[in-house]
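This briefing accompanies the sequence and three-dimensional structure shown below. It moves from the chain as a whole to its nonpolar cores, and then to individual residues.

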Amino acid sequence: AKPGSGYRSSFSHATEKPSPGYYGVKLDDYNVNVELTATAHVGFHKYQFPATDSAYILFDLDHTLDKKRSYWACKIIAAHMKQVDAYTVEGYRILTGWARLRKVYFVAKFDQPIQGSFFVNGRKVMADANLVNGNSSKAAFRFNSKEGSIVKMKVALSATSVADAYKNLTAELPGWDFENTVAKAKAAWNNTLSVIDADGTDAQKQIFYTGLYRNFIQPNNLANADGTYSGTDFTTRKANDGTHYSTFSLWDTYRATHPLYTLTAPQKDAAFINSMLRQYDTYGYLPIWQLWGDENYCMIGNHAIPVIADAMLKGI
């Protein structure tokens, strides 16, 4: 959206609190404090609203990568949202474009009851409805904040079904302890980044560990908490090791990133390669540039081969 239009809020970097596994910021236009953390499959949100009659949380399923960029262009095939009860919203969105038929299923749980809601597709408001279908779907959910309140929200994702999103939520985040979830996320990242001890000034170590953090953000585990995943043939399968990784930007990463994985995370590197071999089994060849479990043919060559050869020569 242009500055001053659309869904947005001004903010100051002075109120940002970013760290691995946590992000906090104040939305100045609405005087709302936002805190975010996560488990492997569940995002955990915490909104502190001021005293107001219009404390809303917006769900916008009409949000994609820049449609003007040729190979990044995305098209929403279908989207669905339904308010199941006063505390629960579920749905899905199916995209095509850079990778075919990216199916994202979700369930959102609130710790406070929804006081009111409205659903929109494009410019059409669904009057007295509890759901919306369409390729430009949005919904807004209102909460009681006349005296100021905190609303917590958990959003579980799955690539296979809404039912599996519920399972991921139950398996990973059954409670509502936000601070404990932040502490666990911090501990997990600290364990991941401790594979290398770096010496130097604080500024040098900040640069180094920021780079290492970005190195471990992807590839992503696309499998559910129980190890089931969506194969390249669009069937639901189960990985014996419980993980199925995706987002293989191999043209970018085979020279340095994957060799670093062999030194710093050999077990994870083996899981990456097993995930590549699963694509071979169902698709006929190794990943070229894989996104959300599907091949998108971006760039040239077959750089999965040197990744696998490197791991084999190192005994992985």
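Leaving aside neighbours within four places in sequence, Ala-185 is in contact with Gly-21, Thr-37 and Ala-38. The model is predicted. Its protein chain holds 7 helices and 19 strands, and 42% of its 316 residues count as buried.

**Overall dimensions and surface**

- The radius of gyration of the protein chain is 21 Å, which agrees with the value near 20 Å that a compact globule of 316 residues would have.
- Taken along the principal axes, the C-alpha atoms fill a box of roughly 65 × 50 × 40 Å.
- Among contacts between residues at least 6 apart in sequence, 58% join residues at least 24 apart.
- The accessible surface amounts to about 16,900 Å², and carbon and sulfur atoms account for 54% of that area.

**Nonpolar cores**

- The largest nonpolar core has 27 residues, of which Ile-57, Phe-59, Met-81, Val-89, Phe-110, Phe-141 and Met-153 touch the most other members.
- The elements that give two or more residues to this core are strand 3 (32-38), strand 4 (42-49), strand 5 (52-60), strand 6 (74-85), strand 7 (88-97), strand 8 (102-110), strand 12 (137-145) and strand 13 (149-158).
- Apart from this core lies another, of 18 residues, which includes Phe-216, Phe-248, Ala-271 and Ile-273.
- Not counting residues up to four places away in sequence, Phe-141 touches Ala-55, Tyr-56, Ile-57, Phe-59, Gln-83, Val-89, Ile-114, Gly-116, Ser-117 and Phe-119.

- Ala-185 is found in helix 2, which covers residues 178-193.
- Because its relative accessible area is 8%, under the 20% limit, Ala-185 counts as buried.
- Ala-185 and Ser-158 are separated by 27 residues in sequence and by 20 Å in space, C-alpha to C-alpha.
- Asn-274 has its place in helix 6, residues 266-283.
- With a relative accessible area of 35%, Asn-274 is partly exposed.
- Between Asn-274 and Thr-201 there are 73 residues of separation in sequence and 39 Å in space, C-alpha to C-alpha.

**Backbone geometry in loops**

- Most residues other than glycine have a negative phi, and most peptide bonds are trans.
- The peptide bond from Gln-218 to Pro-219 is cis, with omega near -5 degrees.
- Pro-219 belongs to the loop between helix 3 (202-217) and strand 14 (220-221).
- Asn-31 is a residue other than glycine with a positive phi, near 55 degrees.
- The loop between strand 2 (22-27) and strand 3 contains Asn-31, and this residue is partly exposed at a relative accessible area of 39%.
- Met-299, which is not a glycine either, has a positive phi of about 75 degrees.
- The loop that holds Met-299 runs between strand 19 (294-295) and helix 7 (304-313).
- The relative accessible area of Met-299 is 37%, so Met-299 is partly exposed.

Notes. Residues are numbered from 1 along each chain as its sequence is written. This is a predicted model: local features need pLDDT of at least 70, side-chain atom pairs count only at pLDDT 80 or more; totals for chains, interfaces and linings use all residues. Side-chain values use heavy atoms; hydrogens and water are left out. Helices (H or I, at least four residues) and strands (E, at least two) are DSSP runs, numbered from the N terminus. Buried means under 20% relative accessible area, exposed over 50%, partly exposed in between (1.4 Å probe, protein chains only). Contact means heavy atoms within 4.5 Å. A nonpolar core is a set of buried Ala, Val, Leu, Ile, Met, Phe, Trp, Tyr and Cys residues joined through side-chain atoms within 4.5 Å. The radius of gyration is taken over C-alpha atoms; the globule rule is 2.2 Å times the number of residues to the power 0.38. Accessible areas come from the Shrake-Rupley method with a 1.4 Å probe; for residues, only the protein chains shown count as cover.
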